[in-house]
Amino acid sequence: MTSPTVAVPQLSVADLRPERNLEAIRDRTAVVADADVVLFPEYALTGFVADDRLRDAALERAEATERLAAVAAESDVDVLAGYAERDGGTLYNAAAYVRPGGTSRIYRKRHLWGGEREMLEPGEERVVVDTPVGKTGLLTCYDLNFVGESAAMTDARVDALFVVGAWPAAYSENWRLLCRARALDGVRWVVGAGRTGRRDAPGAHPTEYAGRSLVVRPDGSVAAALNRGERDLLWSLDPEEVAEQRSFVGSVD
C-alpha cells in the first residue's frame, strides 16, 4: 500500500488581496499535484490586518470553498487553506478543507491571538476530517498552545493533525516545539503549514513570519522541515509509523 503524501508549498501572503493569493495557491498547487493533500497557511486566501479593511477582504464561506474547490479539481488533490470568513456581520479565522469533488469541511479557530480578538469571534466546533492520511484534526496556529485541544483530538483517535499557521518569526522556536509536542502527546503525525515573508500592508503593524513548515513523526521527531524560503515540502506519511509508535508506548487514551 502506497503511503499518502502531503505537500506544503510555503508561501508569503498578500494581505487584503484575495485574488492575488488565489492565483498563488493555484500555481503552487499545480507544481505539487502528485501529492494527496496540499496545505497552505493561516489566512492564505485573504491575509489579515486588525482593522475594518479586513471586512472587505474577508470571504463568505461559499466564496472560499468555491475558489478552493476549483483549485482542488484542477490538480485533483485535496486542499487545506486558511482565510478570513465573513458570516453576516461577524468575522472568523477559518480554514477550509476541500476535495476535488467540491465537498468541504470548515474549521474556525477557537483560540484567538493578539489583534484577532479585536476583529473576530472564536469558533466553537472541533473538526475532524477523513483524509488520505486517516482521521485528521484541524488546528490553527495559536490553538497549538492549548493542551485541551490536543487532548480532545487524542480522545477522537486522530492519526494526524493538520495545522495552518502564521507564526511570528520572533517566536519560531515555540512553533516548532509545540508542533513536536502535539505529535508526541497524541502519538500522531503533525503537518504544520507556516506563512513566510512579511506583512507590510499600509497602516498595519509590520510582522516578519517564521515560515518553518514541517512534518513531525508520531514519536515527536522532525521528519522534514523548511526554513524561511518560498519552497515546497513533500513527505509520505506511513500509517505503519503511527501503529508502531502506539504499540511501543501503549495506549494514548
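I take a crossing as left-handed if the near helix is turned anticlockwise from the far one by less than a right angle, and as right-handed if clockwise. The model is predicted, so local features need pLDDT of at least 70 and side-chain atom pairs count only at pLDDT 80 or more, while totals for chains, interfaces and linings use all residues. Residues are numbered from 1 along each chain as its sequence is written, and side-chain values use heavy atoms, without hydrogens and water.

Entry on helices. I took helices (H or I, at least four residues) and strands (E, at least two) as DSSP runs, numbered from the N terminus. The crossing of H5 and H6 is right-handed. I looked up the contact (heavy atoms within 4.5 Å): H5 contributes Val147, Ser150 and Thr154, and H6 contributes Arg182, Asp185 and Gly186.

Entry on valine 49. I found valine 49 in the loop between strand S2 (37-39) and helix H2 (53-57). Valine 49 counts as buried because its relative accessibility is 0%; buried means under 20% relative accessible area, exposed over 50%, partly exposed in between (1.4 Å probe, protein chains only). Leaving out residues up to four places away in sequence, I list its contacts as Asp15, Leu16, Leu54, Met119, Arg199, Ala201 and Ala204. The C-alpha atom of valine 49 is 18 Å from that of leucine 11, 38 residues apart along the chain.

Entry on cysteines. I searched for disulfides (cysteine sulfur atoms within 2.5 Å) and found 0. Cysteine 141 is in no disulfide. The sulfur of cysteine 179 has its closest cysteine sulfur in cysteine 141, at 9.1 Å, which is too far for a bond. Cysteine 141 is buried at 6% relative accessibility, and cysteine 179 is buried at 0%.
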